[in-house]
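Here is my note on this model.

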Amino acid sequence: VQLQASGGGTVQAGGSLTLSCVASGSTFSRYVMGWFRQAHGKEREFVASITWGLGNRAYADSVRGRFTISRDKAKNTLALQMNSLKPEDTAVYFCASSRQWGQQPETYDTWGRGTQVTVSS
């Protein structure tokens, strides 16, 4: 599996951004796909995940109700719609894949390059 994330940028608080992650190199029916983020000086943290086959979703408490994870099977693309952004959402965002359900970074074995999201107050 190869992953490539894009869509980051700078936005004012309250604004929206959509991140995309293109997946290639394998079939994904048994995969879990996730978004993580890492703020400067902090550990990488779970944001959201989705099962590729059934579309079951999970969210971190800090983003639930504001972020939406989705996947497009036909395009092999993972997305993260981020609304009502806050300065504390500022971080490098990564997409990742796993063969098991989980929210720990160690569960995920393939990572894309991160994309920077900056939310100004």
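1. Lys and Arg count as positive, Asp and Glu as negative; His and the chain ends are left out. Each charge is placed at NZ of Lys, CZ of Arg, CG of Asp or CD of Glu. The protein chain has 13 positive and 8 negative charges, and their mean positions lie 8 Å apart.

2. This is a predicted model: local features need pLDDT of at least 70, side-chain atom pairs count only at pLDDT 80 or more, and totals for chains, interfaces and linings use all residues. Residues are numbered from 1 along each chain as its sequence is written, and side-chain values use heavy atoms, without hydrogens and water.

3. The protein chain holds 11 strands and 0 helices (DSSP runs, numbered from the N terminus: strands E, at least two residues; helices H or I, at least four).

4. Of the 121 residues, 45% are buried (buried: under 20% relative accessible area; exposed: over 50%; partly exposed: in between; 1.4 Å probe, protein chains only).

5. There are 5 aromatic pairs. Rings of Phe, Tyr and Trp (its six-membered ring) pair if their centres lie within 6.5 Å; planes under 30 degrees apart are stacked, over 60 edge-to-face, the rest tilted. Phe36 and Phe46 pair edge-to-face, at 5.7 Å between centres and 75° between planes. Phe36 sits in strand β4 and Phe46 in strand β5. Both residues are buried.

6. The ring centres of Phe94 and Trp111 are 6.3 Å apart with planes at 80°, so this pair is edge-to-face. Phe94 lies in strand β9, Trp111 in strand β10, 17 residues apart. Phe94 is buried at 12% relative accessibility; Trp111 is partly exposed at 27%.
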